[in-house]
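Here is a short tour of one protein structure, written for someone meeting it for the first time.

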Amino acid sequence: MDIAERVYQIVAAIPKGKVMTYGQIGVMVEIGPRQVGRILHNNPDDSLTPCHRVVHTDGSIASGYAFGGEGKQREILEKEGVKFKNGKVVFG
């Protein structure tokens, strides 16, 4: 399995209403967080890989969210029950 497939597999396992960071995923597959972002930006199927559940370490969401922009990512996360404070995801 190549690195991209491993990233997609990890992201597919993030439960609804939860998030992971690019850095957490990067540690798991031994690549940098920017590489994780690049892989997710090229995600061939958003319905199988819920990349909206991946955020920056500080809780901010991707300004270049590939499937509808930053507002769309926040909208989806909020519908799943993810809480925000001051524009950032509240962890925990």
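Predicted model: local features only at pLDDT ≥ 70, side-chain atom pairs only at ≥ 80, totals over all residues.

You will find Gln73 in helix H4, which spans residues 69-79. Is Gln73 buried or exposed? Gln73 is buried, and its relative accessible area is 0%.

One of the residues that Gln73 touches, His52, also meets it through polar atoms: a polar atom of the Gln73 side chain lies 3.0 Å from the backbone oxygen of His52.

## His52, a buried histidine

Now move across to His52, which belongs to the loop between H3 and S2. His52 has a relative accessible area of 7%. Since buried means under 20%, His52 counts as buried.

Which residue does the side chain of His52 meet in a polar contact? The partner is the side chain of Glu80, at 2.9 Å. Setting aside residues up to four places away in sequence, His52 touches Tyr65, Gln73, Ile76, Leu77 and Glu80.

Met1 sits in the segment before H1 and is exposed, with a relative accessible area of 63%. Not counting residues up to four places away in sequence, Met1 touches Arg6 and Gln9. Between the C-alpha atoms of Met1 and Glu78 there are 33 Å, and the two residues are 77 apart along the chain.

Helix H1 covers residues 3-12. Its N-terminal end is capped by Asp2, which has a side-chain oxygen 3.3 Å from the backbone nitrogen of Ala4. The buried residues of H1 are Val7, Tyr8, Ile10 and Val11. They lie on the same side of H1, because they cover an arc of only 160° around the axis. Among the elements that cover these buried residues are S1, H2, H3 and S2.

## Helix H2 and its buried side

Helix H2 runs through residues 22-29, and its buried residues are Tyr22, Ile25, Gly26 and Val29. Why are they on the same side of H2? Their arc around the axis is only 105°, which puts them there. The cover over the buried residues of H2 includes helix H1 (3-12), strand S1 (20-21), helix H3 (33-41) and strand S2 (54-55).

Leaving aside neighbours within four places in sequence, Ile25 is in contact with Val7, Ile10, Val11, Met20, Val36 and Val54.

In soluble globular proteins, nonpolar side chains tend to be buried together. Here the largest nonpolar core has 17 residues, and the members that touch the most others are Val7, Val11, Ile25, Val36, Leu40 and Val54. Which elements give two or more residues to this core? They are H1, H2 and H3. H1 gives the most, with four residues.

Apart from this core lies another one, made of seven residues that include Val19, Val55, Val82 and Phe84. Phe84 has a further feature to look at: the charged end of Arg74 sits over the ring of Phe84, 4.3 Å from the ring centre. As for aromatic pairs, the structure holds zero of them.

## Two residues with a positive phi

Most residues other than glycine have a negative phi. Two places to check against that background are Glu30 and Asn86.

Glu30 follows H2 and has its place in the loop between H2 and H3. Although Glu30 is not a glycine, its phi is positive, at about 60°. Glu30 counts as exposed, at 71% relative accessibility.

Asn86 is located in the loop between strand S3 (84-85) and strand S4 (88-89). Asn86 is not a glycine either, yet its phi is positive, at about 55°. With a relative accessible area of 74%, Asn86 is exposed.

Key
Residues numbered from 1 in each chain as written. Heavy atoms only, no water. Buried < 20%, exposed > 50% of the residue type's maximum accessible area, 1.4 Å probe, protein only. Arc of directions from axis to C-beta. Contact = heavy atoms within 4.5 Å. Phe/Tyr/Trp six-rings, centres within 6.5 Å; stacked < 30°, edge-to-face > 60°. Lys NZ or Arg CZ within 6 Å of the ring centre and 35° of its normal. Core = buried A, V, L, I, M, F, W, Y, C linked by side-chain atoms within 4.5 Å. Polar contact = N/O pair within 3.5 Å; in protein donor to acceptor, adjacent residues only side chain to side chain.
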